[in-house]
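Hi there,

Here is the structure I promised to pass on to you. Have a look around first, and then read my notes below.

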Amino acid sequence: MVDLSTKYMGLNLPNPLIVASCSLTKTLDSVRTCADAGVGAIVLKSLFEEQIEVEVKDIEEYLLPYWHPEAFDYVREMGMELGPSEYLKLVEEAKTSVSIPIIASLNCITPKWWIEYAKQIVDAGADGLELNIFIMPVDLQKTGNKIENTYYKILEEVKANIDIPIAVKIGPYFTSIAQVVNELSRRGASAVVLFNRFYQPNIDIEKLELAPGYHFSSPEEMGLSLRWIALLSGRVNCDLAASTGIHDGAGVIKQLLAGASVTQLCSTLYLNGLKQIGNILKEVEEWMKKHGYKSVDEIRAKLSQSESDRPELYERIQYIKSLVGVE
Ligand SMILES: Cc1cc2nc3c(=O)[nH]c(=O)nc-3n(C[C@H](O)[C@H](O)[C@H](O)COP(=O)(O)O)c2cc1C
């Protein structure tokens, strides 16, 4: 028997697979289906502040520069069907319907709503809260440092007002990812999710207009989070959750070996259905048996930079013939 159970943000999970925040976790039925499929925890679809009505004036003056790509996608494609009260009801019902941890997810714009919704989410019974923060760095005058401080301020303000564990989900677009993750950890994040994958627009060259981009990741995209988890594991004082490009059991095993506490799955579940959760768990179990491992803790971070006797290899960014066979 292998033991797949693990801890994430101080919560006990039966296994390290989490359904990432997406439309597969936006109704009670879908939450139950994910739990029945055997996943270890669920991050609910984000509640976006844009889901409450805002004055047109506010949109023009305040929101547009920061319009969240996923929110844009969400509002355009699905309408504003899931308002705050429905969201809180979802948290409450999900908690009583399934036994695995339920992590709510929040994306706001104004400080007031980050705090207000976070408190309401706690009252609704969520086990943890993921802050889905993305500030589009489009302001020609705004420095990276100023933007990073906004991330820290959001975390600190929410943290000061709630007492459930908080994860911060970030994208990869920072000058110094290591420092940002360390600061988030220092300022109270129980976990950092590396990385969100933002909606990418496309251009229709026949109609000469913006076209919808492809929603889903490919397994090749996993390299980015794999690198940063391997580099940061054991060096920051919070859990690391891997997200983007994890499509199969091998992907999960690699992320655990790099040092991830858990792996978040999204695209593979859209592409292969929720049965993929069972397939992945089986693949991980068989690999562990084959290699003589009895628990997830035994393999976690075995191949992180901190555990390596050749740490310099993790920092290679050029093609080196001896490593990759091409130069
Ligand atoms: C249709 C769709 C909706 C998503 N909605 C959200 C969301 O509401 N909040 C969030 O934090 N991430 C959202 N994401 C991002 C996913 O949670 C995940 O981080 C990303 O898709 C990368 O993982 P993957 O490679 O397994 O797809 C969404 C992704 C997709 C494809």
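This is a predicted model: local features need pLDDT of at least 70, side-chain atom pairs count only at pLDDT 80 or more; totals for chains, interfaces and linings use all residues.

You will find N107 in strand 6, which covers residues 102–107. Is N107 buried or exposed? Its relative accessibility is 2%, and because buried means under 20%, N107 counts as buried.

For a contrast, turn to I205. I205 sits in the loop between strand 10 (202–204) and strand 11 (209–211). With a relative accessibility of 65%, I205 counts as exposed, because the cut-off for that is over 50%. Together with I203 and L210, I205 makes a nonpolar surface patch of about 370 Å².

Now for the ligand. How many residues surround the ligand? There are 21, and the closest are S21, S46, S217, G245 and S267. Sorted by class, this shell holds seven nonpolar, 10 polar and four charged residues.

- S21 uses a backbone N or O atom, which lies 2.7 Å from an oxygen atom of the ligand.
- S46 places a polar side-chain atom 2.7 Å from a nitrogen atom of the ligand.
- S243 has a side-chain N or O atom 3.0 Å from an oxygen atom of the ligand.

As for how covered the ligand is, it exposes 610 Å² when taken alone, and the protein buries 95% of that.

Enjoy exploring, and write back with any questions!

Best wishes

How values were computed:
Residues are numbered from 1 along each chain as its sequence is written. Side-chain values use heavy atoms; hydrogens and water are left out. A residue is near a molecule or strand if one of its heavy atoms lies within 4 Å of it. A polar contact is a pair of N or O atoms within 3.5 Å; within protein, one must be able to donate a hydrogen and the other to accept it, and residues adjacent in sequence count only if both atoms are side-chain atoms. Accessible areas come from the Shrake-Rupley method with a 1.4 Å probe; for residues, only the protein chains shown count as cover. Ala, Val, Leu, Ile, Met, Phe, Trp, Tyr, Cys and Pro count as nonpolar, Asp, Glu, Lys and Arg as charged, and the others, Gly among them, as polar. Patches are made of residues with over 30% relative accessible area and no salt bridge: like charges are joined within 9 Å, nonpolar side chains (Val, Leu, Ile, Met, Phe, Trp, Tyr) within 5 Å. A salt bridge is a side-chain nitrogen of Lys or Arg within 4 Å of a carboxyl oxygen of Asp or Glu. Helices (H or I, at least four residues) and strands (E, at least two) are DSSP runs, numbered from the N terminus. Buried means under 20% relative accessible area, exposed over 50%, partly exposed in between (1.4 Å probe, protein chains only).
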